[in-house]
Amino acid sequence: MRPVRHPVLAGGLATLATAATLGLAPGAAVAAPAPKISVNWFGITDVRAHTATIGGRYDCGAERGLAYIEVHLGQRVRRTSITGFGFGVIGACTDDRTAGTWTATIPADQGAFRTGPATATARLVVEPNSLTETTEPLRLVPRCARR
């Protein structure tokens, strides 16, 4: 067996020490993926029904349990603010279903949502103790008339 050169051994030990410092050593704990939620760029407003319907995507990450979406929608119309609150039901985050899309229909507290810019705050809640939130701008467009 050939002897190992000292510079090669020293280099290997330095690399191992660096990997251990960065948490890359064998057996090092890897952080579980965190839940994520996003809001689509466009939503639909129904002026007659005084509602807006928005949607997006969710990812449960490593969380498992009953899951739902809470949505706050706000819009500035002329000199007043229109706000509303609604839920998106997604059921549960399980090993078989860890990601997907969501929609929520939000009734206006007073007045009616109009076409134009708005801001949505969406929260992904995975029971018993996980909460992920995002606030994103979007544009409300008119609902197409059904014949």
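**Reading the labels on this model**

Student: Why does Glu70 count as buried?

Tutor: Its relative accessibility is 17%. Buried means under 20% relative accessible area, exposed means over 50%, and partly exposed lies in between (1.4 Å probe, protein chains only). Since 17% is under 20%, Glu70 is buried.

Student: What sort of model is this?

Tutor: It is a predicted model, in which local features need pLDDT of at least 70, side-chain atom pairs count only at pLDDT 80 or more, and totals for chains, interfaces and linings use all residues. Residues are numbered from 1 along each chain as its sequence is written, and side-chain values use heavy atoms, leaving out hydrogens and water.

Student: What makes Arg123 and Glu70 a salt bridge?

Tutor: The distance does. Their closest N and O atoms are 3.5 Å apart. The rule asks for a side-chain nitrogen of Lys or Arg within 4 Å of a carboxyl oxygen of Asp or Glu. The pair passes, so it is a salt bridge. Arg123 sits in strand β7 and Glu70 in strand β4, 53 residues apart. Strands (E, at least two residues) and helices (H or I, at least four) are DSSP runs, numbered from the N terminus.

Student: Which residues are linked in a network of salt bridges?

Tutor: Glu70, Arg123 and Glu133. Glu133 also bridges to Arg123, with the closest N and O atoms 2.6 Å apart. Glu133 lies in β8 and Arg123 in β7, so this pair ties together parts 10 residues apart in sequence. Glu133 has 46% relative accessibility, so it counts as partly exposed.

Student: How many salt bridges does the structure hold?

Tutor: Four. One of them joins Asp46 to Arg143, with the closest N and O atoms 3.0 Å apart. Asp46 lies in strand β2 (residues 42-46) and Arg143 in the segment after β8, so the bridge ties together parts 97 residues apart in sequence.

Student: Is Asp46 buried or exposed?

Tutor: Buried, at a relative accessible area of 18%. Arg143, at 40%, counts as partly exposed.

Student: How do you know that Cys60 and Cys93 form a disulfide?

Tutor: A disulfide is a covalent bond between the sulfur atoms of two cysteines. The test is a pair of cysteine sulfur atoms within 2.5 Å. These two sulfur atoms are 1.8 Å apart. The pair passes, so it is a disulfide. The count by this rule is one. Cys60 is in the loop between β3 (51-59) and β4 (65-77), while Cys93 is in strand β5 (residues 80-93), 33 residues away.

Student: Why is this disulfide called left-handed?

Tutor: The torsion about the S-S bond is about -65 degrees, so the label is left-handed. Both ends are buried: Cys60 has a relative accessible area of 0%, and Cys93 has 3%.

Student: How many aromatic pairs does a search of the whole structure find?

Tutor: Two. The rings of Phe85 and Phe87 have centres 5.0 Å apart and planes at 80 degrees, so they are edge-to-face. Rings of Phe, Tyr and Trp (its six-membered ring) pair if their centres lie within 6.5 Å; planes under 30 degrees apart are stacked, over 60 edge-to-face, and the rest tilted. Phe85 is partly exposed at 32%. Phe87 is partly exposed too, at 46%.

Student: What makes a set of residues a nonpolar core?

Tutor: They must be buried Ala, Val, Leu, Ile, Met, Phe, Trp, Tyr and Cys residues joined through side-chain atoms within 4.5 Å. The largest core here has 26 residues. Those with the most contacts inside it are Ile54, Ile69, Leu73, Trp102, Phe113, Leu138 and Leu140. β1 (36-39), β3, β4, β5, β6 (99-107), β7 (116-126) and β8 each supply at least two of its residues.

Student: Where is Leu138 found?

Tutor: In strand β8 (residues 130-142). Leu138 is buried, with a relative accessible area of 5%. Contact means heavy atoms within 4.5 Å. Not counting residues up to four places away in sequence, Leu138 touches residues including Trp41, Ile54, Leu73 and Gly116.
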